[in-house]
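Please look at the model before reading on.

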Amino acid sequence: MVRLSGPEALRIGETISATELQTRHLTRATFEDSNGEAIDEGLAVAFRGPASYTGEDVVELHAHGSPVLLAMLLERSLALGARMAKPGEFSERAFLSGKLDLVQAEAVADLIASGSIGMARAAVRSLKGEFSRRVTALDDAIKAIRVEIEASIDFADEAESFVEMREIETRLAALATQVDAVLGEAARGAALSKGLTLVLTGAPNVGKSSLMNRLAGHERAIVSAEPGTTRDVLHQQIELAGQQLEVVDTAGLRSASSEVEAEGVKRAQAAIEEADVRLDLWDASRPETRGAWPAPSTGQVVIEVMNKQDLVATRETDCLAISAKDGTGCAELVKEVERQVLSARGEPTFLARARHVEALQRCQEALKSARHEHITAKAPELVAESLREAHTALGEIVGLTTTEDLLGEIFRNFCLGK
């Protein structure tokens, strides 16, 4: 499909289609080149502004799925006065015309990039305005308090004194609680967008690569009886419980015998420290490999796994027992990861980005300052300034107070078609 948007979209679309296009009505058409020769048989549809995605006149030319045909349609469109869209320009125009706020525009890109069912569902909720509504409600509450505070400054002789406005403290406290709740949801949404990292740790040849292949469903890592086969950190995206999970296979932790192996161990240690989840593996036939793991990082979930249970007659009861080779116990391992990490974490109400979390944190700090200045300093001017900072931070999320540089950074990461 070739999409045109702008004041000349209808003219160009009707010239290529050699027919008059009806609004919101698919028309079968022969797309023609400059000589009147047929490029393709397809469908064309027009959306007149402002009732369109971008708020401008929009035409879509639906052709057969041949790159050659689409290139010919693009060439004809450019010859008639169009230009290639910049990445994300359709969504940017929708934002600039007020069809979408900035959160919803970003949700378009996040929905396209969804790596899991949970991420896609959360992105749709953001696109439908769930996150925006929460931010707007906070902003409205801040503005209402600002109006009263600034009125008390402007009409100090007539209005109730600042010291006597005790309900302001109650309202600020309630507002801070609401911001904390939205910040918590946004942090979960940003974590879902980023995805969790699960790292496989253990001594050489305990079966980390075999387990990675088992989780990935294909031979992602080289498996060999020779210790030290994995020299670098390997990554594989999988989906568990509707959420995206990056599985990381690391080099075995031991004293390196070469410079290359030493670098692999160094990278493994870095990956282990940064992981959200660790599966600490040991070899059932080599008890000495148990416990040879670094201390967990703060907040890191650690699950101990005994691998190669098919090689021993007895089974440990104080840890999960599996055989990555034949798959025994692997389904139970996946359920344990889902139970301890994914299900407990839950699916967020909406998808968010790091910049949203950072803006909400600034809003949170500004509200703390406002409460302190109201209670301790008894300075309405300072309270009003802190509330202005909180308002500005929230405005950055939905695009009310956004710089051109930020807009450029956001939309250049979109694909061309959006």
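## Basis

The coordinates are those of a predicted model.

## The four-stranded sheet

Four strands form an open sheet in the order β1-β4-β3-β2, and their pairing is antiparallel. The edge positions are taken by β1 (2-5) and β2 (27-32); each has a single partner strand, so one side of each is left without a neighbour in the sheet. From one strand to the next, the twist averages 30 degrees.

## The α4 and α5 pair

Helix α4 (residues 102-112) packs with helix α5 (residues 117-127) at an angle of about 160 degrees, and their axes are 8 Å apart. Angles over 145 degrees count as roughly antiparallel, and α4 and α5 are therefore roughly antiparallel to each other. The crossing of α4 past α5 is left-handed.

On the α4 side, the contact is made by Gln104, Ala107, Val108, Asp110 and Leu111. These meet Met119, Ala120, Ala123, Val124, Ser126 and Leu127 in α5. By class, the residues of this contact are eight nonpolar, two polar and one charged.

## The six-stranded sheet

The other sheet described here is open and has six strands, in the order β6-β7-β5-β8-β9-β10, with mixed pairing. Its edge strands are β6 (234-240) and β10 (320-321), each of which pairs on one side only.

Inside this order, strand β5 (residues 196-201) and strand β7 (residues 243-249) run parallel and are joined by five bridges. Leu198 stands opposite Val247 in β7. Which strands does helix α8 (residues 208-216) lie across? Helix α8 lies across β5, β6, β7 and β8 (277-283). The helix runs at about 40 degrees to the edge strand β6.

## Summary

The four-stranded sheet has antiparallel pairing, whereas the six-stranded sheet has mixed pairing. Helices α4 and α5 pack with each other at an angle of about 160 degrees.

Notes
Residues numbered from 1 in each chain as written. Predicted model: local features only at pLDDT ≥ 70, side-chain atom pairs only at ≥ 80, totals over all residues. Heavy atoms only, no water. Pairing = 2+ DSSP bridges. Helix = DSSP H or I, 4+ residues; strand = E, 2+ residues; numbered from the N terminus. Axes fitted to C-alpha atoms, helices over the stretch in contact; angles between N-to-C directions. Parallel < 35°, antiparallel > 145°, perpendicular 65-115°, else oblique. Left-handed = near helix turned anticlockwise from the far one by under 90°. Contact = heavy atoms within 4.5 Å. Nonpolar A, V, L, I, M, F, W, Y, C, P; charged D, E, K, R; others polar.
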